[in-house]
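Here is a short report on one chain.

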Amino acid sequence: MSKKLVIVESPAKARTIGRYLGSDFVVESSVGHIRDIPAKANQVSDSERDAWKATRFGIDIDNEFTAMYIVTPDSKQQVTKLRKELKGADALYLATDEDREGEAIAWHLLEVLKPKVPVHRMVFHEITEEAIHEAVANPRDLDLELVEAQETRRILDRLFGFEVSPVLWRKVQRGLSAGRVQSPATRIIVDRERERIAFVAASYAGITGTFSTGDDGIPDFAAALVSVDGERVATGKDFGEGGRPRDDRLVLTAEDATGLATQLTDADFAVSSVERKPYTRKPYAPFRTSTLQQEAGRKLRFGAKRTMSVAQRLYESGHITYMRTDSTHLSGTALTAARRLVARRYGDQYLPDKPRFYGKTAKGAQEAHEAIRPAGDDFEDPKVIAGAFGAKSDEARLYDLIFKRTAASQMKDAKGESLRIELSGGAGESGRETMFSATGRTILFPGFLKAYVEDIDDPGATRDDQEAMLPDVVKGQSVAAVSMEATSHETKPPPRYTEASLVKRLEELGIGRPSTYASIISTIQDREYVRKQGPALVPTLTAFTVVGLLEDYFGDYVDYEFTARMEEDLDRIANGEEQKVPYLARFYFGNGHPGLVDLVSDQALDAIDPRKVNAFPIGLDEAGEEVVARVGQYGPYLVRGEQRASIPEDLALDELSVEKAIELLEAPSGDRTLGDDPATRLPVYARVGRYGPYVQVGDRDAESETKPKTASLFASMELETVTLDDALRLLSLPRVVGDHPDNGDPITSQNGRYGPYIKWGSETRSLEGEEQIFSIDLDAAVTLLAQPKTRGRRAAAPLRELGDDPNSEKPIVVKSGRYGPYVTDGETNASLRTADTVEAISLDRAVELLAERRAKGPPKKKKKK
């Protein structure tokens with residue numbers, strides 16, 4: 001009996017949908033995209049080799065920018081399975097996500113499977129039984145305009161990345177990459193660091209007074225000095241560029257404030273003004289992708305990638321609606337469910353007379369989905385999710401956020417009263433008139449705040465649910481000064497971006513789309529353009545260098561407005577208002593202005609001076625000699641004349657002053673010359689490198705690609721005491737122990753990433769210690785090789801214990817591994833990033849790294865050749 005084949009993207013989604021469809025349906029997954037544009041010639045078959053040669057990175061730029069596609073190696077087995085299932089089907093339902101990527105996956109499935117049965121495009125925003133049956137009953141056709149929009153983006157990104165990245169390899173450093181959205185996002189973070197570097201701190205002082213109404217039943221209250229003799233006292237917001245204050249502000253020094261506070265201690269004060277104002281706070285809109293990422297970052301300390309991975313699991317298991325959306329719209333079913341929830345959980349007094357409706361607020365909003373909300377027509381209680389995934393799991397915590405935000409969006413306004421009191425008094429014998437001010441806020445009806453309060457990025461701002469109580473006073477009432485405290489302050493540089501505030505800024509500028517923010521932020525960290533310092537995103541010297549080059553020679557492509565216009569152009573293609581081929585032709589070949597192909601021509605690239613690009617000026621020393629920072633093969637370093645010094649990886653550029661740079665340049669390096677190698681007459685050095693102490697024979701020749709021979713010191717050796725003989729022994733490795741009696745092949749002893757070992761052909765055996773490398777003889781080596789290979793090694797003690805993982809509820813520890821330190825909960829391992837250190841890594845950061853590792857799925861096993 002024939003069945004209907006339904007194809008979705010993921011196995012988890014397939015399992016959930018399969019539960020709702022009967023035995024007449026077979027639900028399979030494509031496991032993501034099945035086709036892609038090849039990146040290298042060795043990815044195409046011999047029969048396609050000539051076609052590949054006619055393209056530019058897999059794009060035939062002379063034939064209407066036609067993309068060459070191949071079934072990816074990882075997808076071939078799944079495609080074979082889908083073809084087999086299709087043979088026995090009488091209909092095909094393509095149930096991929098209803099966005100550009102999902103539409104493109106559906107199109108590629110059609111192109112590869114070439115079905116001879118009726119094809120239906122099945123779309124839904126939530127995975128519930130009702131929604132799935134509704135989607136089966138009401139399919140639509142494939143949206144080819146969405147497909148063309150996705151393909152245009154893919155081609156655009158391929159051409160930009162593959163044309164510009166080699167420029168960075170030639171002019172800065174190999175392995176770097178540029179991206180149409182990645183590079184402007186990096187520039188945003190670099191621009192903020194530039195502001196911090198240029199920032200000049202300013203000092204100012206103030207006075208905080210504590211006042212009493214004289215009524216024992218009313219607590220004392222605090223007020224801040226706001227004016228002296230009618231002149232406003234400067235606060236932090238009154239200082240501008242270069243630390244200069246506004247002309248109409250009085251800047252108090254610490255000495256001024258202390259003297260004035262002393263004079264005011266016994267002064268008489270009276271209430272000169274009382275201003276009461278009612279206020280109303282309207283509920284926040286339901287979550288869309290960007291606001292979910294921001295709030296999960298603020299409240300749960302989730303990175304954008306972690307947030308989207310958790311949301312994906314909740315969606316695919318049928319608990320929330322689709323999580324990639326620009327919309328804040330709620331369906332009629334959702335409105336009914338939310339209102340029912342409000343009445344049941346919070347009471348009718350919190351339920352407005354009619355539903356609340358929210359329009360699209362994101363710049364360039366273009367997806368046709370609902371807001372992110374709990375799935376179904378009766379929202380599951382968070383306790384259900386906690387029972388399914390664990391009370392402290394990422395899924396339970398994120399669902400709780402979505403559940404409460406959705407409920408709050410359908411609740412009444414919060415109402416309250418703000419109060420401002422001004423106090424006037426004289427400064428004793430000096431006769432100076434001063435004014436103090438206090439502001440308060442009282443919530444009269446919490447409304448939606450009963451369910452949900454949005455967090456804020458600014459640590460100095462006030463949350464919507466925070467109250468500040470002030471006494472009920474009247475104008476002319478006398479108050480007593482209980483105490484006067486002089487306060488000293490210093491202006492702060494603008495804060496670095498966090499993932500949450502970067503998402504907000506990207507959306508404000510219209511750069512990228514919410515569905516891409518997580519991958520953008522992940523990419524700039526993986527490429528080491530940005531490192532995390534706590535929650536802050538800190539740009540590296542490489543980021544400054546790359547952004548500087550792109551600004552000077554590819555200015556449009558990191559210009560915020562230009563990038564936003566590109567997004568709008570791509571949206572027009574999705575809406576059928578713009579055609580793919582003319583748009584790509586203008587981008588690549590130009591039209592009255594240089595195209596990308598002109599900017600990467602040899603003539604254009606000859607104008608780029610690598611030394612100028614790769615020089616970040618730090619300043620001049622006392623002798624007037626310039627100190628610059630550069631990106632090198634082994635990391636960032638400082639240069640002053642002939643002096644060189646590495647820059648610590650955890651040192652931010654806004655902290656790299658001239659004084660700090662000179663300190664690094666003049667610090668002893670620890671390098672020593674041990675003597676000359678008798679065999680080659682070359683000098684032998686003991687040095688400290690990125691991976692620890694080592695010895696080296698000879699110097700690096702700038703004109704030769706041959707590297708001098710090096711060898712790591714044994715664990716028992718110290719850099720300060722290692723001798724020339726020690727170094728020569730290390731440099732002599734591997735040592736030939738002797739020839740094996742069975743076949744005459746040599747047995748060697750050496751050090752490796754797993755420790756000391758002996759080798760005979762393809763056979764290896766571990767040694768007990770490093771000194772055994774030089775002491776083991778032929779008989780002992782032959783005997784050891786005759787023994788079975790030991791599988792596994794004794795587990796080393798953890799370097800640090802951090803606490804329990806809220807997801808697995810198992811202890812997280814830091815361990816030392818073959819590729820460096822890593823965190824593990826016993827089930828999942830995650831390597832520390834470049835900026836993470838064993839000593840400084842926190843539990844929250846470890847949980848984030850493990851969550852990202854889990855989201856990637858189990859590591860793929862390498863296929864044997």
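Arginine 288 and glutamate 507 are both buried. The model is predicted, and what follows is computed from it. The two side chains form a salt bridge, with the closest N and O atoms 3.0 Å apart. Arginine 288 sits in the loop between strand S12 (268-281) and helix H9 (289-300), while glutamate 507 belongs to helix H14 (residues 499-509), so the pair ties together parts that are 219 residues apart in sequence.

A second pair also spans the chain. Glutamate 395 forms a salt bridge with arginine 313, and their closest N and O atoms are 2.6 Å apart. This pair links distant parts: glutamate 395 lies in helix H13 (residues 394-408) and arginine 313 in helix H10 (residues 304-316), 82 residues apart. Glutamate 395 counts as buried because its relative accessibility is 9%, under the 20% limit. Arginine 313, at 31%, counts as partly exposed.

Arginine 49 is partly exposed, at a relative accessible area of 27%. Aspartate 46 is exposed, at 67%.

| Salt bridge | Closest N to O distance |
|---|---|
| Arginine 288 and glutamate 507 | 3.0 Å |
| Glutamate 395 and arginine 313 | 2.6 Å |

Side chains of opposite charge can pair when their charged atoms come close. How many salt bridges does the count come to? The count is 60. Some are linked in a network, which joins Arg100, Arg153, Asp157, Arg180, Arg513, Glu567 and Asp571.

**The chain as a whole**

The chain has 865 residues, of which 48% count as buried. It holds 26 helices and 33 strands. Taken along the principal axes, the C-alpha atoms fill a box of roughly 105 × 85 × 65 Å.

**Around helix H5**

Glutamate 126 is placed in the loop between strand S8 (119-121) and H5. Is glutamate 126 buried or exposed? Its relative accessible area is 13%; that is under 20%, so glutamate 126 counts as buried. Its side chain makes a polar contact of 3.4 Å with the side chain of arginine 373. The glutamate 126 side chain also reaches the backbone nitrogen of glycine 376, at 2.7 Å.

Glutamate 130 lies in helix H5 (residues 129-137). Glutamate 130 is exposed, with a relative accessible area of 57%. On the surface, Glu130 gathers with Glu134, Asp377 and Asp378 in a patch of negative charge.

**Both ends of helix H12**

Aspartate 381 caps the N-terminal end of helix H12 (residues 382-389). One of its side-chain oxygens lies 2.8 Å from the backbone nitrogen of lysine 383. Just after H12 comes glycine 390, with a positive phi of about 110 degrees.

**A buried leucine**

Leucine 570 is placed in helix H17 (residues 560-574). Why does leucine 570 count as buried? Its relative accessible area is 0%, so it falls under the 20% limit. Leucine 570 and glutamate 148 are 422 residues apart in sequence. In space, their C-alpha atoms are 9.5 Å apart.

Terms used:
Residues numbered from 1 in each chain as written. Predicted model: local features only at pLDDT ≥ 70, side-chain atom pairs only at ≥ 80, totals over all residues. Heavy atoms only, no water. Patch = residues over 30% accessible without salt bridge, like charges linked within 9 Å, V, L, I, M, F, W, Y side chains within 5 Å. Areas by Shrake-Rupley, 256 points an atom, 1.4 Å probe, with all protein chains shown as cover. Salt bridge = Lys/Arg side-chain N within 4 Å of Asp/Glu carboxyl O. Lys, Arg positive; Asp, Glu negative; His and termini not counted. Charge placed at Lys NZ, Arg CZ, Asp CG, Glu CD. Helix = DSSP H or I, 4+ residues; strand = E, 2+ residues; numbered from the N terminus. Buried < 20%, exposed > 50% of the residue type's maximum accessible area, 1.4 Å probe, protein only. Polar contact = N/O pair within 3.5 Å; in protein donor to acceptor, adjacent residues only side chain to side chain.
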